[in-house]
Each structure stands twice: as C-alpha cells, then as structure tokens.
Amino acid sequence: MAGAAEFVEADNAIMAEIETKSQKIESLLKHYKHIEALKTALEGSPLKTNDERCKSANWTVVHRVIMTIKDIDGMLNALDAEYYDTLMKYLYKGLSTGDEPTCEQCLEIHEKLTERAGLGCILRCLTDTTNTV
Amino acid sequence: MAVVDVHRFSESITCHAWSPDYSMVALCPNNNEVHIYKSSQDQWERLHVLQKHDQIVSGIDWSSKSNKIVTVSHDRNSYVWSLEGGEWVPTLVILRLNRAALCVQWSPNENKFAVGSGAKTVCICYYEQENNWWVSKLIRKRHESSVTSVAWHPNNILLATTSTDGKCRVFSTFIKGVDTKDSKAGSPAETKFGEQIIQLDLSYSWAFGVKWSPSGNTLAYVGHSSMIYFVDDVGPSPLAQSVAFRDLPLRDVLFISEKMVIGVGYDSNPMVFAADDTGIWSFIRYIGEKKAESSGSSYSSQFSEAFGKFYGSQSKSATANDASESRGGVHDNCINFIVSLSKAGSPKVMRFSTSGLDGKIAIWDLENMQEELGHQF
C-alpha cells in the first residue's frame, strides 16, 4: 500500500514542476509567444493526482495564458489534437468560476474548440471523472 | 447509399433479431412483448406476438441452427421459445437474478447462452438433457456494476463482457459435459468456469457494445466518452488502442471484416473504423457520406439553436439550417443495436441491420461499397 508520504512527495514534485513551468510561461508571454505558452501550460497537467493544490496551481498558470490569447483560430491551429481534451476541461473550469472576463474568454474559445474537436471532446470532459483538472 | 430497406415498426425498438433465413425479424417495440414480422413483397406482416414477460424485453437472440428464440427482460426472467406446430412455445429459464437482465446472446454452437444483468452477474445457461430444462450458472465475481453487453468468442468458451464500471472482461465459460465433447486442440485447456482471463481498464466511463472479430483475435468495445477501444491479440499481452472521435458516443459495434468495424450510436448514422496495414485503428467516415468536413453543417438545427443561445451575440445562424437534413438521416434517433445479416462465422459481413429509438429497422448492404471502403474490407 502506497503510504500517504509517497503521495505527498509526488505532489510536491508536481508543485515544483508547476513553479518552473510558471516562470517559463511568464517569459514566453513577455516575448508574445502565446501558443508556446499555452502548450507549456497544458503539458504535464496534473490530471491523475487528487491534490487540490496542484490542480489549482496549474489552473492559475493555464488561466493566465488563456486570458492573454487574442488570436483564437491561430492558437487552435497550432495546438496538437491531443491537448484539445485537456483544454476543454480547463475551459469548463473557467466557465464555472463565474468571473466575467474569464467566462467571456472561455466561451469564445469554447465555440471555436467545439467546431474543431466536435461534441466528442465535450463528452470526454463530462464523462471522465478520474482525470480531472 | 448503402441502405436497402427502412421500415418503421413502432414508436421505439429496444432490440431485434433475425430468423435463420433472414425472412423474419423478432423485435421488442419498447414494451413487454416480442413481435415477429415476416417480409413479403415489400410489405411487413406481423405473424406472432410473444407475450410472457411482465416488463420490457431488453434482449432477443434467434439461433440460426436450432431455430430457437431466447428473450430476456427487466422482469429478471428469460424464456427460450421453440416453434411447435406454427406457434412459439415458451420455456422458462430460471436465471436466479435479483435485478433486470440487460442483454443476451446465443453461443456460436448454440448449446449455451449468456445473459448480462444489472445484478453485476453474468448467467451462462445450458440445456440439461436428463431433466429437460435449461440450467443457469452464474459468474458472480468481478463485475462492479451492471453488465451491459456480452459477446461470445468463436471457440464457444470465451465470453467478453462490458459493464457500466467501464471495464471489459473476458471469462472462460467452460462447462463439463457441455463443452468437453467439443474440446479441440486449440481451445484453452480446461480453464475453470468463471475464471477471468483478462480485464481491460481502458475506459473511464460506461462501456457498451463489445464484439469479437471473425477470427476471435481482436476485440472492440465502446465507451460513453465518445471513444472506441480495440484490443488485438487478446491474451496475456494484449495490444490496446483507444480511438477518440468527434461526435456523440456509440452504443454498439459490428466487425464487418477482420480489419473494419461499424459503430452505431447517438449520432444516428453508422461510423466506419478501420485498421491500416500497421494495425493502427482510426475513424474513416460515416457510412452514408464522403469523408465529412469539420464543423458547420454537422449539427442539427436543434444544436444550432442551443449554441446560438449559449454563445449569445456571436450567433451561428449561418450554419444553422442546412444541418441534419443533409446528413442523410436514415434514423432520426439513437441507434442502439446493430446485427449482422451474414452467416455467423463468415469472415466478411456484407449486410447488416440497425434498429433504434425511432422505431425503425434499416437494412444496409455493402455490396456496392467495396471500393469505397477500401482494401481492409
């Protein structure tokens, strides 16, 4: 039986990763490399852990990038299809915050992403209760 | 198009099965009866109504060699019907279930049938000659939730099941006295009844519609998260693939050849999946149209309205109405059953039928589509 200690270690490792990621993303955003920033933010999302800290830390990072995106089509063009599901999950998380600018932005991206990825993408967010953001 | 015949039998159809010569179809019109229709000169004539169950009949299967119909129902019972003097006579099979029976299938040799139930068990029923009745043996272990679908491997011993716990499992249903006579060199050496051979944890959501390929080498099943799973070389080291696709989830699948699968579900339009030469499975097309373009015209007018409200000012009125009319709607509602119309055990399926919640049964013929489908067919 994996002890609680092991989980905490793994989670701490994830937190550290998110820290580094966040710094990398800040610099990418400064250089207007939004697409790179989003890719970095979505990569290595803590889907498997149950730890709330990791999830909210990653959400903060992803949120930061989502809010800076102006060219949605271009961004989706450059994003690999494997990240569509993860991005959709974060969009729903954003919509659930109820915060107006976040919701507006998330809704805009949602529209374009659904066109691209189809209803199946939304289904996968709704039915997947083990890999959550 | 590949559709040969469409007929609306009732408001809604739960399940259906064909007679050995494919001239008659037995279906459940979403109530506790089974209706048998015969097709004659473009008309469908209702010949028999089988009334024995108290609740909805959730599964029907018609054996092709012994001409027996097995029905299972939410009333926890199962009947095996035999044709005697022009009438269908039922024989009760005591399944010993305390929850609804959900699906049923005759084994390839038709000496057994498997029933999946909401009681997290699978019943394997076989005929005991001495006592002249059907006995049910239960596989009680392993399933953590309702068993939604069962499928027999061509060797008459292995059974694959899918469940709402998201897992697909393969069990041995070896029964002494029933299977021993048939033991060939190839069959799994005397594995115990109810022994789980393999458990596949590919899906995070409910699993439905499992089927074996004609050779028994590959397994396919669907998950409610718009995914379809393919497992090659089922055994100690299987090769599993998960294919995510664009649209609404599937409910049932059918292998039309070793490397091609048709999936049906909530999109009301059958989808074709195929494995390329390296063995990688992917979505090819909808059966009725050319490789569909993305977005826009894919959504029915209902969706466009809903999207319009959702997205508010950025309305999508442009994409709205050319919508589902153009999608070649044979079925108007979810298709939940697909049955092969080719002889069992044949390597290629040329014809199949689908039934759905719209009460229609559609017959599809792939004779003219061989070129379009490609060499995997």
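The model is predicted, and a search of the whole structure finds eleven salt bridges over all chains. Chain B has 377 residues, of which 56% are buried, and its secondary structure consists of three helices and 28 strands.

**Chain B as a whole**

- Of the contacts in chain B between residues at least 6 apart in sequence, 49% join residues that are at least 24 apart.

**A buried loop residue**

- Ser63(B) is placed in the loop that runs between β6 (57-62) and β7 (68-73) of chain B, and with a relative accessible area of 1% this serine is buried because the cut-off for that class is under 20%.
- When neighbours within four places in sequence are set aside, Ser63(B) is in contact with Pro20(B), Lys68(B), Trp106(B) and Glu110(B).

**A negative patch on chain A**

- Glu36(A), Glu43(A), Asp80(A) and Glu82(A) together form a negative surface patch.
- One of these residues, Glu36(A), belongs to helix α2 (residues 34-42) of chain A, and its relative accessibility of 39% makes it partly exposed.

- Side chains of opposite charge can pair when their charged atoms come close.
- In chain A, Asp85(A) and Arg124(A) form a salt bridge in which the closest N and O atoms are 3.0 Å apart; this pair links distant parts of the chain, since Asp85(A) is in helix α5 (residues 84-97) and Arg124(A) is in helix α7 (residues 119-127), 39 residues apart.
- Within that pair, Asp85(A) is partly exposed at 22% relative accessibility, whereas Arg124(A) is buried at 9%.
- In chain B, Asp252(B) and Lys211(B) meet in a salt bridge at 3.4 Å, N to O; Asp252(B) lies in strand β22 (residues 250-257) and Lys211(B) in strand β18 (residues 207-212), so the bridge ties together parts that are 41 residues apart in sequence.
- Asp252(B) is buried, with a relative accessibility of 8%, and Lys211(B) is likewise buried, with a relative accessible area of 17%.
- Asp365(B) forms a salt bridge with Arg351(B), with the closest N and O atoms 3.2 Å apart; the former lies in strand β28 (residues 360-365) and the latter in strand β27 (residues 351-356), so parts 14 residues apart in sequence are tied together.
- Asp365(B) is buried at 18% relative accessible area, while Arg351(B) is partly exposed at 31%.
- Glu144(B), Asp165(B) and Arg169(B) are joined in a network of salt bridges.

Terms used:
Residues numbered from 1 in each chain as written. Chains lettered and ligands numbered in written order. Predicted model: local features only at pLDDT ≥ 70, side-chain atom pairs only at ≥ 80, totals over all residues. Heavy atoms only, no water. Helix = DSSP H or I, 4+ residues; strand = E, 2+ residues; numbered from the N terminus. Buried < 20%, exposed > 50% of the residue type's maximum accessible area, 1.4 Å probe, protein only. Contact = heavy atoms within 4.5 Å. Patch = residues over 30% accessible without salt bridge, like charges linked within 9 Å, V, L, I, M, F, W, Y side chains within 5 Å. Areas by Shrake-Rupley, 256 points an atom, 1.4 Å probe, with all protein chains shown as cover. Salt bridge = Lys/Arg side-chain N within 4 Å of Asp/Glu carboxyl O. Lys, Arg positive; Asp, Glu negative; His and termini not counted. Charge placed at Lys NZ, Arg CZ, Asp CG, Glu CD.
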